[in-house]
Amino acid sequence: MVTQSMASDDAWLDELEARPQHPRLHGVIHGPLARPLRLGRRSKAFAQTTPGRIIVVMVLLTGMLLAAGLSMSQSMAGRNQSLDTVREATEPMSAAAHLLSTSLLRADTIAAGGFVQPGPLSHEDVQAYSAALDTAVSSAGEIYKGAVEANSPSSERIEELVGEIQRDLPVYAGLNERARVNQRMGNPVGVAYMSEASSIMRSRMQVAASEINALTRADVAKEMRRLSQPQWVPLSGLLAALGFLVLAQWWLWRVFRRRFNRGFLAGTLAVVVALTWAGVSNYQSWRNGSVGYEQAAQPWEELTAARIDALETRTDETFALLRRQSVVHSSRAFDGTYASVSEALATAEAYGGEQQLIDDARDALRTWAFDHNELVGALNSGSYDQAAALLASDRAAGEAPFRQLDAALSELIASSRQDTQTYIDASLDATRRVSAVVALLSVLAVMCTWLGIRRRLGEYL
């Protein structure tokens, strides 16, 4: 009995030693994870063979080609979309900002000039005044719409400034209407109404319009600089994929002692074409969007600033007569305006502006300068009738020189804007279709490499 009991105890101890120390872990390893672990060991063993190494290399190569191609494709698609936003929203918003400034100043100049000539405004001046206000209203709406579509960091500020101008515009127009009614009735208070309206224009509306001008120009220039920078990261990805493809071919040559593989050569050619296409597109984008655009934008910016200076100076001349003030300040302002317009015309000429328009603008500027000197003399001597005749809208020899100058500057600005749009369109064309082509060539390279390796893999089956 004792011997049988001892044997039973020894058997129980043997069973206890045979049990695992961590039964739950042992159950998981030999239960649900048994099949994945066995598959992993077999995969590791297969990867150590020549066919396994080929498969691993091909999977890595496929991943690199697809990642590089899709990265470049997505980057190009994003650039194309951003350039389209510049073309359809940001640049038109900047042009509308210039129209807003000049339209407001033209309306103020015409309204002030109506108190210089005897009698009410002529039918042509009334139409020009109404057209200027209509253009200002439509330009403000275009600016607001462009700010919403562009969604730039300055969009919120631009929308706020446009709202301020839209609130002040009816007040300005109402004061001018009161001024015109009192003028027709012969009441001197009409000049006071007109002066108050012009004060709102100068101190509030024109200040807001100038800030909108600066913000929109800065947005266009910033976007064009950003979108013309080379895409170094996607390009380096394509270059790395090409290098790995070359290394894979060298490794295949070491394994099979065969120099060329048609599939790999075709894949290499596809990657080279994709890399070249993307590189040329980046160069064209940089050339058109940075160098070309900046050259085209410089005369446009100088001409718009010069035209605004000319309109402000013309209004100052009118108020100098209406208020019977000294024209010392007006003369200094005119000297600065003359220099600004002359420099803008010289820049436009240097960048290939239309020579006939430039010559006409210079002739009108010289005539305006002569008239201004006569105006200064007439005001200093108290000859207000002569001064009023000099500021009249018509001349015996034809249109007033200021209007000739303003018309010439307007046409030169429109021509310069077309040049800037041309470079934006060229940058857009450089990125168009590149996204789809690069993605297609990357997929083609993957297909070619797998077709090229198919025979080598077939030798082991």
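Let's start at Ser285, which sits in helix H9, the stretch covering residues 262–322. Keep in mind that this is a predicted model. Is Ser285 buried or exposed? Its relative accessibility is 1%, so it counts as buried. Setting aside neighbours within four places in sequence, Ser285 is in contact with Arg79, Leu227, Ser228, Ser290, Ser427, Ala430 and Thr431.

Now step back to the whole protein. The secondary structure comes to 14 helices and two strands. Of the 461 residues, 44% count as buried. If you take the contacts with a separation of 6 or more, 85% of them come from residues 24 or more positions apart.

Next, the inside. The largest nonpolar core has 29 residues, and those with the most contacts inside it are Leu100, Leu104, Ile143, Ile165, Tyr172, Met205 and Ile212. Helices H4, H5, H6 and H7 each supply at least two residues of this core. Which helix gives the most? That's H4, with eight residues. For a closer look, pick Ile165: not counting residues up to four places away in sequence, it touches Leu100, Leu104, Met205, Ala208, Ala209 and Ile212. There is also a second, separate core of 27 residues, which includes Ala68, Ala241, Ala274 and Ile453.

Quite a few H5 residues are buried, including Tyr129, Leu133, Ser139, Ile143 and Gly146. Just after H5 comes Asn151, which takes a positive phi of about 50°.

Time for the charged pairs. A search of the whole structure finds 13 salt bridges. Because Glu177 and Arg180 are three residues apart in helix H6, about one helical turn separates them. Glu177, at 37% relative accessibility, counts as partly exposed, whereas Arg180, at 17%, counts as buried.

Another salt bridge joins the side chains of Glu349 and Arg362, at 2.9 Å from N to O. This pair links distant parts of the chain, with Glu349 in helix H10 and Arg362 in helix H11, 13 residues apart. Glu349 is partly exposed because its relative accessibility is 31%, and Arg362 is partly exposed with a relative accessible area of 23%. Elsewhere, Arg106, Arg307 and Asp406 are linked in a network of salt bridges.

Leu66, Leu70, Val443 and Met447 make a nonpolar patch of about 330 Å². Helices H4 and H14 each supply at least two residues of the patch. Leu66 has its place in H4, and its relative accessibility of 31% is why it counts as partly exposed. As a point of comparison, nonpolar side chains tend to be buried together in soluble globular proteins.

Definitions and conventions: Residues are numbered from 1 along each chain as its sequence is written. This is a predicted model: local features need pLDDT of at least 70, side-chain atom pairs count only at pLDDT 80 or more; totals for chains, interfaces and linings use all residues. Side-chain values use heavy atoms; hydrogens and water are left out. Patches are made of residues with over 30% relative accessible area and no salt bridge: like charges are joined within 9 Å, nonpolar side chains (Val, Leu, Ile, Met, Phe, Trp, Tyr) within 5 Å. Accessible areas come from the Shrake-Rupley method with a 1.4 Å probe; for residues, only the protein chains shown count as cover. A salt bridge is a side-chain nitrogen of Lys or Arg within 4 Å of a carboxyl oxygen of Asp or Glu. Helices (H or I, at least four residues) and strands (E, at least two) are DSSP runs, numbered from the N terminus. Buried means under 20% relative accessible area, exposed over 50%, partly exposed in between (1.4 Å probe, protein chains only). Contact means heavy atoms within 4.5 Å. A nonpolar core is a set of buried Ala, Val, Leu, Ile, Met, Phe, Trp, Tyr and Cys residues joined through side-chain atoms within 4.5 Å.
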